[in-house]
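Me: I would like to go through the terms used for this model one by one, and to see each of them set against its definition. Please give the cut-offs as we go.

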Amino acid sequence: MSERKKVSLPYLFKKVANEEPITMLTCYDYPTAHFQEQAGIDIILVGDSLGMTMLGYESTLPVTMDDMVRHSKAVRIGSPNAWLIGDMPYMSYQPSVETAILNAGRLMAEAGCDAVKLEGGAEMADRMAGIVAAGIPAMGHLGLTPQSVSALGGFRLQGKGALQAKKILDDAKALEEAGAYSILLELVPDRLCKLISERADNCFIISLGAGLHAHGQLLIYHDAFGLYPRFKPRMAKVFADAGQLIQDGLKQYAQEVTERTFPQPENWFGMPDEEYQELLNLIDD
Ligand code: KIV
């Protein structure tokens with residue numbers, strides 16, 4: 001797997017044409033990126049969710065462009081070949097098209113991302129078009145958009161009613177027409193995701209808690225591997241409980257240090273007798 005070719009947009013669209021699901025995970029650091037590279041994950045998203053999963057904030061709103069650049073850089077080093085998307089944090093694109101292009105450019109130039117992602121529908125179509133016109137591939141994000149959590153009334157299902165669902169469908173078309181190569185649908189009903197996926201002509205759809213009918217699936221890495229202590233959302237499945245494994249290991253470490261059973265001779269380095277004797281003589285002097 002480590003010898004795989006760099007994932008490109010033509011490769012991703014070929015998967016879509018062949019009806020092969022695209023694999024996508026969030027990632028925020030070098031060692032995890034290395035594991036995801038070895039596992040052959042197609043797309044890695046350095047999400048602004050790092051504010052919650054890595055920095056312990058209650059929401060994604062305090063995350064800065066500098067945070068995103070630093071974490072994206074580390075992920076790029078760990079995974080040279082995945083399609084790497086840098087998430088645009090709160091207020092890095094909302095103020096104007098120019099702000100959006102400049103900050104998208106930072107993620108590409110400073111962090112080595114292949115693309116960026118921004119939240120919002122028709123109201124963000126001009127930002128999307130501006131970024132794409134600057135030569136930067138951009139993914140849209142509809143449904144539950146965490147940067148608008150306050151306006152949405154919490155982390156909850158979006159598009160359950162027909163009117164709201166129609167708005168999300170129209171927003172998806174607006175983003176596609178503005179040049180988005182892909183749209184992430186977060187926490188919308190699976191039937192709505194199916195309709196949007198079937199109507200997508202020039203972009204592919206990724207589902208996060210939106211069912212099977214998208215062209216690919218995304219999970220938040222910390223949810224999928226038991227690493228987020230606050231809660232596990234229903235849309236996630238725990239594929240391996242790394243959190244529990246680490247917890248058990250930590251208890252054992254504390255116990256062995258306390259009982260003086262760690263370290264053992266294989267964990268330290270000795271000194272030849274003659275050197276030691278000479279050292280004692282030097283100290284005596
Ligand atoms: O920040 C992030 O990880 C995201 C996901 C919730 C899709 O945007």
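Me: What makes the crossing of helix 4 and helix 5 right-handed or left-handed?

Reply: In this predicted model, the crossing of helix 4 and helix 5 is right-handed; a crossing is called left-handed if the near helix is turned anticlockwise from the far one by less than a right angle, and right-handed if clockwise. Helices here (H or I, at least four residues) and strands (E, at least two) are DSSP runs, numbered from the N terminus. Residues are numbered from 1 along each chain as its sequence is written, local features need pLDDT of at least 70 while side-chain atom pairs count only at pLDDT 80 or more, and totals for chains, interfaces and linings use all residues. Side-chain values use heavy atoms, with hydrogens and water left out.

Me: Why is helix 4 called roughly parallel to helix 5?

Reply: Helix 4 and helix 5 (residues 97-109) pack at an angle of about 25°, with their axes 9 Å apart. That angle makes helix 4 roughly parallel to helix 5, because angles under 35 degrees count as roughly parallel, over 145 as roughly antiparallel, 65 to 115 as roughly perpendicular and the rest as oblique. The axes are lines fitted to C-alpha atoms, for helices over the stretch in contact, and angles run from 0 to 180 degrees between N-to-C directions.

Me: Which residues of helix 4 and helix 5 meet?

Reply: M65, D66, M68, V69 and S72 in helix 4 meet N103, R106 and L107 in helix 5, where contact means heavy atoms within 4.5 Å.

Me: How do you know that the length of helix 8 agrees with what its residue count should give?

Reply: The expected span of a helix is 1.5 Å times one less than its number of residues. For the 16 residues of helix 8 (residues 162-177) this should come to 22 Å, and the end C-alpha atoms are 23 Å apart, so the two agree.

Me: Which residues of helix 8 are called buried, and what do they pack against?

Reply: Buried means under 20% relative accessible area, exposed over 50%, and partly exposed in between (1.4 Å probe, protein chains only). In helix 8 the buried residues are A165, I168, L169, D171, A172, A174, L175 and E176, and they pack against helix 6 (125-133), strand 5 (138-143), strand 6 (182-186) and helix 9 (190-199).

Me: Why does I283 count as exposed?

Reply: I283, which lies in helix 12 (residues 273-284), counts as exposed because its relative accessibility is 59%. Its C-alpha atom is separated by 61 Å from that of K237, 46 residues apart along the chain.

Me: What makes strand 7 and strand 8 a pair?

Reply: Two strands pair if DSSP finds at least two bridges between them, and strand 7 (residues 204-208) and strand 8 (residues 216-219) pair in the parallel sense over two bridges. The bridge partner of I206 in strand 8 is G216. A closed barrel of eight strands runs 1-2-3-4-5-6-7-8, with parallel pairing, and the twist averages 25° from one strand to the next.
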